[in-house]
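Please read them with the structure open.

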Amino acid sequence: MSDTSMADDDPRRPLHSVTIDICTACRRSDDPAGDGRVLLERVGALCTAEDGITVRPIECMAVCDRQVTVALRGPGLWSYVLGDVDAENDGAELVAAARAVAASPHGVPKLRDRPPVFRKGVICRLLPPPDHDEIKTQDSSAPD
């Protein structure tokens, strides 16, 4: 059995899947590729062997004063928006942050489990979205 197809009872398997969204419009340096794109490539390469972590480019996250901006998200989990991520040096820490979110019961890892980029860079934390059944129930009881 390979590491990427672990059994459900394997303790190394994350509790949740997590997506790392990376703003590709962010450009802190003069690099023509753009810092966001550089970070996307580096984190993507680091995540090829990661179980349950996906990397997704986002054209613009509109947090231009905290470049490079990244979000850590997963179904039913708290989400985090991080800023001031260093494209050259923070890739491995960003993957470690995604692992910490994936391993926590509700997407809120303990502070000691958060790498420095996660501890210092949080812009905001968002509640998990309500599930669709809850939304339908609320909508169906609203007056016409």
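Which residue in β4 is the bridge partner of Ala 71? The partner is Val 81. The model is a predicted one.

1. **The β3-β4 hairpin.** Strand β3 covers residues 70-73 and runs antiparallel to β4. Three bridges join the two strands. Together β3 and β4 make a hairpin, with five residues between them. Gly 76 lies in the turn and has a positive phi of about 75°.

2. **The β4-β5 pairing.** Strand β4 also pairs with β5, residues 122-126. The sense is again antiparallel, here over four bridges. Leu 82 has Val 122 in β5 as its bridge partner.

3. **Cover on β4.** Strand β4 spans residues 79-82, and both of its faces are covered. Ser 79 and Val 81 are buried on one side. Tyr 80 and Leu 82 are buried on the other.

4. **The aromatic pair.** The count of aromatic pairs comes to one. Its rings belong to Tyr 80 and Phe 118, with centres 4.9 Å apart. The planes stand at 85°, so the pair is edge-to-face. Tyr 80 is in strand β4, whereas Phe 118 is in helix α3 (residues 116-121). The pair thus links distant parts of the chain, 38 residues apart. Both Tyr 80 and Phe 118 are buried.

5. **Charges over rings.** The charged end of Arg 114 sits over the ring of Phe 118, 4.9 Å from its centre. Look also at Trp 78: Arg 125 lies over its face, at 4.1 Å from the ring centre.

6. **The end of α3.** Gly 121 belongs to helix α3. Is Gly 121 buried or exposed? Its relative accessible area is 2%, so Gly 121 is buried. Contacts of Gly 121 beyond four places in sequence are Arg 66, Val 81, Leu 82, Gly 83 and Pro 116. Thr 69 is 52 residues from Gly 121 in sequence, and their C-alpha atoms are 9.1 Å apart.

7. **The nonpolar core.** In soluble globular proteins, nonpolar side chains tend to be buried together. Here the largest nonpolar core holds 29 residues. The members that touch the most others are Ile 20, Ile 22, Leu 39, Val 43, Val 70, Leu 72 and Leu 94. At least two core residues come from each of β1 (18-23), α1 (35-46), β3, β4, α2 (91-103) and α3. Helix α2 gives the largest share, six residues.

8. **Val 43 in detail.** Which residues does Val 43 touch, not counting those up to four places away in sequence? They are Ile 20, Ile 22, Val 55, Gly 91, Leu 94 and Val 95. Among these, Ile 20, Ile 22 and Leu 94 are also on the list of core members that touch the most others.

9. **The Asp 21 network.** Five salt bridges are counted in the model. Asp 21, Arg 56 and Arg 73 are linked in a network of them. Asp 21 and Arg 56 meet at 2.8 Å, N to O. Asp 21 lies in strand β1 and Arg 56 in strand β2 (residues 53-58), so this pair ties together parts 35 residues apart in sequence. Arg 73 bridges to Asp 21 as well, with the closest N and O atoms 2.9 Å apart. Arg 73 lies in strand β3, so that pair ties together parts 52 residues apart in sequence.

10. Asp 21 has a relative accessible area of 3% and is buried. Arg 56 is partly exposed, at 35% relative accessibility. Arg 73 is partly exposed too, with a relative accessible area of 37%.

11. **A bridge between loops.** Arg 66 and Asp 84 form a salt bridge of 2.5 Å, N to O. Arg 66 lies in the loop between β2 and β3, and Asp 84 in the loop between β4 and α2, so the pair ties together parts 18 residues apart in sequence. Arg 66 counts as partly exposed at 22% relative accessibility. Asp 84 counts as partly exposed at 35%. Arg 66 is also one of the contacts of Gly 121.

Note on methods. Residues numbered from 1 in each chain as written. Predicted model: local features only at pLDDT ≥ 70, side-chain atom pairs only at ≥ 80, totals over all residues. Heavy atoms only, no water. Buried < 20%, exposed > 50% of the residue type's maximum accessible area, 1.4 Å probe, protein only. Pairing = 2+ DSSP bridges. Phe/Tyr/Trp six-rings, centres within 6.5 Å; stacked < 30°, edge-to-face > 60°. Lys NZ or Arg CZ within 6 Å of the ring centre and 35° of its normal. Core = buried A, V, L, I, M, F, W, Y, C linked by side-chain atoms within 4.5 Å. Contact = heavy atoms within 4.5 Å. Salt bridge = Lys/Arg side-chain N within 4 Å of Asp/Glu carboxyl O.
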